[in-house]
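Trainee: I would like to learn how to read helix packing and chain contacts from a set of coordinates. Could we work through an example together?

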Amino acid sequence: MKKIFALLIVCLVSTSITAQIDRSQMPKPGPAPTVNIGEPETFSLSNGLKVLVVENDKLPRVSASLIIDNKPFTEKKPGTQAMVASLLGTGTEKTGKDEFNEEIDFLGANISFGSESASASSLSKFFPRVMELMAEGALMPKFTEEEFESEKNKLMEGLKSSQKDVGTIANRLSSTLSYGSNHPYGQYVSVESVEGIVLEDVKNVYKNYFVPENAYLVIVGDITKKEAKKIVKKTFGDWKKATPPSTSIPAVKPAQYTQIDFVDMPNAVQSEIIVQNTVDLKTADPDYFPVLVMNQILGGSFGSYLNMNLREDKGYTYGARSNVGASRYASRFVASVGVRNAVTDSAVVEIFKEVDRIRNEEVDAGKLEDTKKKFAGSFVMRLEQPSTVASYALNIEIENLSKDFYETYLEKINAVTQEDIKRVANKYLKTDQMQVVIAGKGSEVVENLEKIEYKGKTIPVLYFNKETKKVEKPEFKKELPEGVTVTSVYDSYIKAIGGNDVVSKVDNMMMKGNASVQGMSLSFTRKLTKDGKMLELVQMNGNTLSKQVFDGEKGFTAAQGQKMDYTEQQVKDAKIMSGLFTEQKVSDSAELTGIESINGEDAYVIKLTDNVREFYSVDTGLKLATETTAEQMGQKMTSKLMYGDYTDKNGVMVPMMLSQDLGPQTIDIKIEEVKFNDGVTASDFE
Amino acid sequence: MTKTIMLSFFVFFITLAHAQKVEFTEYDLDNGLNVILHQDNTAPVVTVGVMYHVGAKDEQPGRTGFAHFFEHLLFEGTENIERGEWFNVVAANGGSNNANTTQDRTYYYETFPSNALELGLWMESERMLHPVINKIGVDTQNEVVKEEKRSRIDNAPYGRVAYSTGINPYMFDKHPYKNSVIGTMEDLDAAELDEFKAFFDKYYNPNNATLVVAGDIDVPKTKKMIADYFQSIPSGDEVERVNITEDPIKDKIIATEYDSNIQIPLTALVYRTPSMKDREAYVLNMISSVLTDGKSSRMYKRMVDEDKIALQVLAFARSQEDYGTYLIGALPLGDVELSKLRDVMDEEIEKLQTELITEREYQKLQNKFENQFVNSNSSIQGIASSLATYQMLYGNTNLINEEIEIYRSITREEIKEVANKYLQENQRLELDYLPEPTE
């Protein structure tokens, strides 16, 4: 039985063709072409295999695909299905592997196998034999220990090889975070899980799931139904009737709150960003068509909101796209983009902006009309491939669609309204439960990612390793350029503050400044000498609040009437730290550890002792901060003294703003007075 | 602005119906535009494509990446198509479009439901006649191209092998094939707006282009529309083709490249091969098939299957107008030394040089190439691009039908001869492509 549906795409006025053209006017399309959706011939075998045949003799070739539509299941050992796929075709009960492969190649044919599928294509003259080979490979596999070991080895090597591929790692993390690590779509195949697989596992999965109950065979090309029936009976007639085990799929849990999920890829020059949330949407749902159109506008095409913003307007990326999946089991909304490191945070902000735009703003009526026309065109163009007819018929069957699903496809697209778009955008783009999965170079992108605000709140950043496990925030170190050493960092610092000659003439120095803390005005005095003596005084209204003194050998802290001598460790640290322009010589313990960021400025980090690190600007050479770690009541407290507002004082650049962070507070000390070789006496350090 | 146009057709070539043959009509407009029409009314789809005979090899030294940059720039808009509207116009008419650039040519195309044929012709004529080339377009696309380079090459495993940027600098000394198609960012950053305009004026003329229209068309009506939209576009000066002869490679080149995106190294042997028009280039395609095409191919069977020393073997012939490159390579399995892989590849090459391939292998090649031939003509979009390529780069449009005859006529003896002529150890690059070391 063959039925033909005539279908008119979009009725538009035709223009008469004249010799005169006005190229300032865009030509209008002619009358819409008439499209026929044919229906495949179908028949079934007694073992349950359903066969669809589409005859098309335009080219002398035929293709066949076997699809076993089993429910997805959680693998006990992820990778077992992949092993089934790679072992199918490595020899059969009748034919050795080499002979089998050689014959396929000899016929110029392609045959491939999946864990629940197989496909073949060839010139029509060889097709009967090619089908025999495909059936033999699929139904009579010989799983040998030797091939098993060899394929397992290759699979593990392949997994290792993708460990530095930013895209692979981003996709892996995004699937696991969407669906959960025990969901068939969220599981990932790791070297460890493959290692545990034995041949018996592979045989069991094959035996249980490679069965005809849910199987479809689709044959397309230069072949009649009669010929096809004869070949299929001969090749798949003996496939034993069986049903796959019934399994249950774990429920998918949405994210609790909108978050950034970051995995560090130190080799990345681009960040892969995947913004996602799971959705409950099936092809048969009434929302399917509005969602299709909504996504097309948001990120389904070149002219979409996302691409026009991130690529054409900002030039952040080669392309930004989105997709909303529809599935009987589980699916998700995904917007993805690869952007250069420096704009990673901006790209996230822009993606949210566009998602909000389609949720909150009515889509332009003209844009909606144009989008619908795009669907009409794509629909026509897909029909160029004869396999489309077969896949439509198959979808109707397996997705439980109405018989006229594709005949009325464009009607349903055309019925989508502006309100529909907004409604489904709000329903399916869950901006309060979104995961922003990013694989990128932490040392260059994380600092700004942690500052992103959305709906008035900072988006929390969670950290993961490449194996999708949650981890503490890693320390992101930037690579040091070649040739940089403690000496070179110190040299450029001395040069930046005035040069060795000028600096050497300073024997001692006094700085006075003020700060306001909780409404009180405090004054600070700091005195330093070349031979390593130090005084720090904090006063209020002339009364001393605290005093620290180090005379080169010993020191003390005095506050609120109590005086405490320096501990051994403090003396050790003070000996290295105290003094003027200590960078003129390199202490033995000084070590260049990397580059870190101080208020957005890259700085070389020099570790002086276990408790003290100093930061020197990569750009200017100036010292930006001193970080000290002190242990108080068993807890480590880290505080930073930041140096800013460097100003020329008698040829020496001096920081006129000192900022001390103390927990959540920062005290800014504005320096009022600086004196060299004046105002410092030996008694200051008693 | 309206114009009445008179035109004359030169009908060069009309092939007649024959089973499986791609029929086409070919002629030139007065302004030098070469036109190829292919009618196939089985599905209501039409492709309009324009191929310009300009590629990366035509770039000035210090201005690499220009040809590819144009592939981006010429979507920015024209005098009658506003900036940013190109893609919307295509989409709103149900079409799809794209473009690509090689060392030799740049190709733009749209595929539409056949009722939008005139629109497609209008758009391509707009692009040829008066695209808008301005600062904002250049600046935006400059950023996009940088991202394209990052995603395709810098962030992609084996990116510099796939795109030859880690290979061609060794294979070519004088010829511009030594540069990459995507070019360097420094060159693009340094280019002035006027240089882009000059590049357009020099290469984007009808006399340096081929227009192809394929699919559900009516030939007389289509010819009329083509005349309406393209005849008035003025022709430019004749383009001087690159004519640089490379000295043969006489001493083996040994090189190492590093890629931070990989963990498994790759070793490759790369040979310089003749122009793709040359019969010997076809023979090399067959050699490539013997070595690595399919699981029964010689290298796959031996290295992956039997000896288990390789995770994967690969071979590809990069066919180009002046010279090509032919690469064979392998990824080691486990701790196998790269030198071991090279030794085995050498043994397989030597076999080709000393023994004829078997009769059965020969028949296998014939079946494979016939299969390829049938499949290569399976979509309207594919046929359009092939027609333009055969016309522009091979100088014989009918190769779309005849190329299979070339393969059929190649003998086993020729395969041996060509293996001896081109696959000599002293004429090649031995490249070790290694993971970037980390501290």
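Trainee: Which residues in helix 2 of chain A meet residues in helix 3 of chain A?

Mentor: Please keep in mind that this is a predicted model. From helix 2 of chain A, the residues Phe100(A), Glu103(A) and Ile104(A) take part, and they meet Arg129(A), Leu133(A), Glu136(A) and Gly137(A) of helix 3 of chain A. Sorted by class, the residues of this contact between helix 2 and helix 3 of chain A comprise 3 nonpolar, 1 polar and 3 charged.

Trainee: At roughly what angle do the axes of helix 2 and helix 3 of chain A cross?

Mentor: The axes of helix 2 (residues 97–106) and helix 3 (residues 127–139) of chain A cross at roughly 150 degrees and come within 11 Å. Angles over 145 degrees count as roughly antiparallel, which is why helix 2 of chain A is described as roughly antiparallel to helix 3 of chain A. As for handedness, helix 2 of chain A passes helix 3 of chain A in a left-handed crossing.

Trainee: How does one describe helix 11 of chain A relative to helix 15 of chain A?

Mentor: Helix 11 (residues 344–360) and helix 15 (residues 418–428) of chain A have axes 7 Å apart and pack at an angle of about 130 degrees, and that angle makes helix 11 of chain A oblique to helix 15 of chain A. In this contact Ile358(A), Arg359(A) and Asn360(A) of helix 11 meet Ile421(A), Lys422(A), Ala425(A) and Asn426(A) of helix 15, a set that divides into 3 nonpolar, 2 polar and 2 charged residues.

Trainee: Turning to the two chains, how many residues does the contact take from chain B and from chain A?

Mentor: Chain B gives 88 residues to the contact and chain A gives 76 residues, while the area buried between chain B and chain A is about 7,100 Å², with carbon and sulfur atoms giving 54% of that area.

Trainee: Where do Glu126(B) and Arg23(A) lie?

Mentor: The side chains of Glu126(B) and Arg23(A) meet in a salt bridge at 2.8 Å, N to O. Glu126(B) lies in helix 3 (residues 117–129) of chain B, whereas Arg23(A) lies in the loop between strand 2 (21–22) and strand 3 (34–37) of chain A, so the pair joins two chains.

Note on methods:
Residues are numbered from 1 along each chain as its sequence is written. Chains are lettered from A and ligands numbered from 1 in the order in which they are written. This is a predicted model: local features need pLDDT of at least 70, side-chain atom pairs count only at pLDDT 80 or more; totals for chains, interfaces and linings use all residues. Side-chain values use heavy atoms; hydrogens and water are left out. Axes are lines fitted to C-alpha atoms, for helices over the stretch in contact, and angles run from 0 to 180 degrees between N-to-C directions. Helices (H or I, at least four residues) and strands (E, at least two) are DSSP runs, numbered from the N terminus. Angles under 35 degrees count as roughly parallel, over 145 as roughly antiparallel, 65 to 115 as roughly perpendicular and the rest as oblique. A crossing is left-handed if the near helix is turned anticlockwise from the far one by less than a right angle, and right-handed if clockwise. Contact means heavy atoms within 4.5 Å. Ala, Val, Leu, Ile, Met, Phe, Trp, Tyr, Cys and Pro count as nonpolar, Asp, Glu, Lys and Arg as charged, and the others, Gly among them, as polar. Buried area is the accessible area (1.4 Å probe) that two parts lose on being put together, summed over both. A salt bridge is a side-chain nitrogen of Lys or Arg within 4 Å of a carboxyl oxygen of Asp or Glu.
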